[in-house]
Amino acid sequence: MKRTPVIEMKGISKRFPGVVANDNISFRVYPGEIHALLGENGAGKSTLMSILAGLYRPDNGIIKVKGKVVRLDSPRKALEAGIGMIYQHFRLIEKFTVAENIVLGAPHSPAKIKRELIERETEKISQNYGLTINPGARVHQLSLGEQQRVEIIKMLYRGCEVLIMDEPTTVLTPGEVKELFQILRAMSRQGKCIVLITHKLNEVMEIADYVTVLRRGRVVGEDRIENLDESRLTRMMVAREVEYSQVQRDKAPGQVILNVDRLKVRGDLGHLAVKEASFDLRQGEIMAIAGVAGNGQKELVEALAGIRPSSGSIEYQGEEIAHLKVRQRISLGINMVPEDRIGTGLVPNLSLIDNSILRNYYKEEFLSSFFIDYKKVRRYTEGIVDKYNVYFSDLKHPVNYLSGGNLQKLLLGREIEQTPRVLLASYPVRGLDVAAAEDIYGLLLKEREKGTAILLVLEDLEDIFRIADRVAVMYQGSISGILEVNKTSIEEIGSLMVGAQLTGVENG
Amino acid sequence: MAKIKLIRREKESPLARVLVPVASVLMAFAVGWIILALAGHNPVLVYQKLYNGALGSPYAISETIVKAIPLMIAGLAVSLAFRMKLWNIGAEGQIYIGALAASWIALNLGQSSGPLVILPLMMIAAFAAGASWGLIPGVLRAYWQVNETIITLMLNYVAIYWVDYLIFGPWKDPNSMGFPLTPIFSAAAQLPTWGDSRVHLGLLLAIIIAILFYLGIQYTRWGYEVRVMGQSPSAARYAGMNVTKNIMLVMLISGGIAGIAGMIEVSGITHRLQQGISPGYGYTAIIVAWLSRLNPLAIIMVAFLFGALLVGGFAVQLVGVSFSITQVLQGTVLFFLLAGEIFINYKIVLSHKEVL
Ligand SMILES: Nc1ncnc2c1ncn2[C@@H]1O[C@H](COP(=O)(O)OP(=O)(O)OP(=O)(O)O)[C@@H](O)[C@H]1O
Ligand SMILES: [Mg+2]
């Protein structure tokens, strides 16, 4: 039996200044299929799907929906053809209710919005796919997982047959990921198609029916999931073996370098984001912070780096440093890689050269009389990009031309180059492909060998087991447990992340 | 079927950077031609007058420069603030308050000191006054997140009314037969001019400010901070920069430079404080700054173009074209210049292939 694909893209090419993002790509999705789209950073996945969602126009190629050639000039046209995309950054209006967000901008939404009607519609969709949500709740009260559900309902309400999701699981808790996958399976059973972009191979193995792999803008492989495994997928993606880093936990623990006692930190909205955090950090160890995003990890790290005020005590080698400013902490050797890579960690429109001195531009070594000595700075930048394998086309180009992995290497390289004694890093491999992620972990493990104390906010529990010596779990602004990684389990950490008490878990 | 498409340029083309504005101005004049003809004027004659008035003789050019100088200085002033995404639209008021402070020095000390003392003093006073006018919204913004756009705009009126109050009242020249003018400044308080033209030392000052601005932003630590803070305040905090302090400092310097534009107008042109020392230079400067993309050297040239438009506009009125028509002409040029911006970033492509 030969089925017609719901989506057929043929010979799609798309060029951006200086790169061929898609090069003669063919891509098909069949009814009820969960199709994973894989590839390294910059392989062209988002570009291809943005073309399908009507956001970009291809330079060449045709798109067929259910066998008919269509022009997808705008996201609206794509939606009319039954194609909807959910982006990593949700596009919801925070102050509106779930139901309002769902009808807003829908093609057939009534001019006057009738609340009961919408809520009934929402209810119907929710039940159909097991998407539980309160239609009257306001979006800003919802967790990221719930907001994602709103986005899905929004698409279904618009009659979407093909749902594209760009890295949907990066912001979810393990529990939410499970729920999402159940929803996707329910949708697939009812004949809807899902295209999933992700870097997490275990998820691909778990959920996908079919896989297409891109490299440098071309399709380099596609197959049914039964014929694949993680290592084959990796080889297809990066065309080489990736060596997985693994921490060696045979050293005796080093001396305590940082001692945090009853730290309280306020968040942007003025609430207590960190209610009480006490822990110590030793030289030559990696301590991971696990927890659902938004439980105070960001505020904790920012407070330690001196970017955010805090109360309570932070002792560095026995001396109180809670009152010290950012620069004083840098000069003590406390360095940080923020969660927001581009925008906080790096300045998007400034060059690699300018960005390489963001945290030490004021040092005398870069100065000659009144001016910054850009010859010296250039040499310094060249040193960083060489040592940390940053690929770039021109040091004078703005950094936002760099791919995610290269951004992170530049950022981490810049911080490591300042010889930290304490290194704080938030989600250092978020959004990076397998190879890039291993490069970053490799750098961090090397730092650990040098005796640097490392605090890592991580989301992937399996990574924690490979990389960390200890793990502190944060829940609602408090540390709900600190555990030796080789004496715990993913399940134990998982339950601490959602509020279980340490003792309760041990007894049970 | 051929299709017209706009494609983003891979790199900003330096040639387009020059050609596009030139073409824009030419197209504006083509449209202006039609407007003039419809209004019953002879376009050839009007354009001849416009050209002659603005650029046709050494005198015309000198007058164009005279108008361009305050636009240069005020344009540099606002572009510094704009670099940090601080919307200082108060250059007009800063010009007036600077003129007021400079006049105070000139009127009180002008008789007793030489130019080498009095002129720098006037400049310092003008800078300080303009700086305070910039600092008020700067402090409000830095500490309480009060929108600087509104405050700078409102302070414009405060400054203009202060000048009015003084020239109608306490500072009025007893011999002015009732006109709202201060007495004329002593020779020591007047900026030297070039030959017998009205081009004064302010031109050199504007160029020096432009060079300092360029070097300062591009090569000093403080300039680095301004670039980072303008792009990304959160990166600035991460780098340990003092954003609060710099908001105030930048607003202070921006206001101060605009204040100097006021000083050079009273000291170089009117030689007294009077009404209308700035016919909206502070506002035109905003357009000059944007068209120049906040690039200090481009500001010097764009300000010259705007000076020519102003001066040419006066000349045209002499052949019976109404003031409003000249304003329409100026508006058309502006419209085309701004609309032309898109062709600097995009290029037009005729594609013959059907794209699906
Ligand atoms: N709007 C754009 N303008 C210019 N270049 C772009 C644009 N969008 C993407 N690119 C470039 O096109 C290439 C493909 O990018 P794309 O975002 O599709 O990759 P990706 O596979 O989604 O990568 P990632 O896993 O990092 O999200 C990259 O080299 C990228 O730099
Ligand atoms: Mg992508």
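**Close-up views of a two-chain predicted model**

View 1. Helix α8 of chain B runs over residues 221–231, and because eight of its eleven residues are buried, the rest of the structure largely encloses it. Keep in mind as you look that this is a predicted model. Which residues of α8(B) are buried? They are B:G223, B:Y224, B:E225, B:V226, B:R227, B:V228, B:M229 and B:G230. A residue counts as buried here when its relative accessible area is under 20%.

**View 2. Where chain A meets chain B.** On one side of this meeting place are 39 residues of chain A, in contact with 25 residues of chain B. Together the two chains bury about 2700 Å², and carbon and sulfur atoms carry 58% of that area. Which residues of chain A lose the most area to chain B? Look for A:R71, A:Y361 and A:F371, which together make up 20% of what the chain A side buries.

**View 3. A:L395, a buried residue in a loop.** Find the loop between α12 (374–387) and α13 (404–416) of chain A, and you will find A:L395 in it. Is A:L395 buried or exposed? With a relative accessible area of 3%, A:L395 is buried. Setting aside its neighbours within four places in sequence, A:L395 is in contact with A:S351, A:L352 and A:I353, and also with A:R378, A:T381, A:E382 and A:V385.

**View 4. Stepping back to chain A.** Chain A contains 17 helices and 22 strands. Its radius of gyration is 24 Å, close to the 23 Å that the globule rule gives for 508 residues, so chain A is as compact as a globular protein of that length. The C-alpha trace of chain A spans about 70 × 55 × 45 Å along its principal axes. Of the 508 residues in this chain, 55% count as buried. Among contacts in chain A with a separation of 6 or more, 68% come from residues 24 or more positions apart.

**View 5. The surface and charges of chain A.** Chain A exposes about 22300 Å², with 48% of it supplied by carbon and sulfur atoms. How many positive and negative side chains does chain A have? There are 68 positive and 66 negative ones, and the centres of the two sets lie 6 Å apart.

Definitions and conventions: Residues numbered from 1 in each chain as written. Chains lettered and ligands numbered in written order. Predicted model: local features only at pLDDT ≥ 70, side-chain atom pairs only at ≥ 80, totals over all residues. Heavy atoms only, no water. Helix = DSSP H or I, 4+ residues; strand = E, 2+ residues; numbered from the N terminus. Rg over C-alpha atoms; globule rule 2.2 N^0.38 Å. Buried < 20%, exposed > 50% of the residue type's maximum accessible area, 1.4 Å probe, protein only. Contact = heavy atoms within 4.5 Å. Areas by Shrake-Rupley, 256 points an atom, 1.4 Å probe, with all protein chains shown as cover. Lys, Arg positive; Asp, Glu negative; His and termini not counted. Charge placed at Lys NZ, Arg CZ, Asp CG, Glu CD. Buried area = accessible area lost by both parts, 1.4 Å probe.
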